Amino acid sequence: ADIGVLRRVGAMLRGSPPPFVMTCARGSSDHAATYAKYAIETRLGFATVSAAPSVASVYASSLRARGARTVFTNGCFDLLHVGHVSYLAEAAALGDVLVVALNSDASVRRLKGPQRPVIGESDRAAMLAALACVQHVVIFDEDTPHALLHAIRPDVLVKGGTYAPSEIVGHEIVESYGGTVCVTSVVEGISTTNILASLARGETT
């Protein structure tokens with residue numbers, strides 16, 4: 001099983017064009033001028049776009065017009081590990097485009113406590129965007145992805161873990177327009193919390 005995971009990880013890291021890293025505008029009105037400006041992140045070659053939910057909506061609409069099946073997932077992805085990568089690969093296989101909504105640093109602190117995140121949002125976004133299975137990353141400040149789900153209207157909402165579909169945040173939004181809600185498999189014993197606890201005890205994983 002471990003070799004299979006490594007092979008999937010290797011396949012995802014090879015030969016993929018750089019995706020967009022889309023960052024939701026914070027504290028500003030939903031107007032074209034808010035997110036018209038863009039910059040190039042030269043260290044990894046990714047385009048970084050300031051975006052509001054309405055921009056994500058236009059993007060998603062263009063995908064639907066081309067007949068692409070959009071998959072959406074969200075999370076903190078602090079200390080990216082093999083459990084994350086396996087779940088993202090499985091999620092990507094459910095459609096044509098995988099959009100990852102990434103909790104901002106402020107959002108992670110509210111959800112996880114003042115010591116988190118360990119890795120800042122820009123670096124977390126860059127690492128996710130480096131995976132071949134991920135096409136787009138959207139950083140959001142809210143505690144839930146509800147606004148993005150309304151804007152993007154993905155065909156599939158995915159979470160990794162032991163959730164029931166009815167327990168996934170936002171499932172009612174996606175199901176209301178006929179979308180699908182899925183839960184991927186988990187890599188037992190692997191989590192950011194467990195990794196941090198092992199490091200605090202001076203253990204290796």
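Tutor: Let us begin with pairing: two strands pair if DSSP finds at least two bridges between them. Please keep in mind that this is a predicted model.

Student: How do you know that strand E4 (residues 70-75) and E7 pair?

Tutor: Two bridges join E4 to E7, and at least two are required, so the two strands pair. They run parallel, and Phe72 stands opposite Leu157 in E7.

Student: What makes E7 and strand E8 (residues 180-184) a pair?

Tutor: Five bridges lie between E7 and E8, which pair in the parallel sense. Gly160 stands opposite Thr184 in E8.

Student: Which unit do E7, helix H8 (residues 171-176) and E8 make?

Tutor: They make a right-handed β-α-β unit. The term right-handed applies because, with the strands pointing away from the viewer, the path from the first strand over the helix to the second runs clockwise.

Student: Why is strand E7 (residues 156-160) called largely enclosed?

Tutor: Buried means under 20% relative accessible area. Four of the five residues of E7 are buried, so the strand is largely enclosed by the rest of the structure.

Student: Which residues have the most contacts inside the largest nonpolar core?

Tutor: They are Leu88, Leu98 and Val134, in a core of 20 residues. Among the elements that give two or more residues to this core are helix H4 (82-92) and E7. H4 gives the most, with five residues. A second, separate core has 18 residues, including Leu63 and Leu157.

Notes
Residues numbered from 1 in each chain as written. Predicted model: local features only at pLDDT ≥ 70, side-chain atom pairs only at ≥ 80, totals over all residues. Heavy atoms only, no water. Buried < 20%, exposed > 50% of the residue type's maximum accessible area, 1.4 Å probe, protein only. Core = buried A, V, L, I, M, F, W, Y, C linked by side-chain atoms within 4.5 Å.
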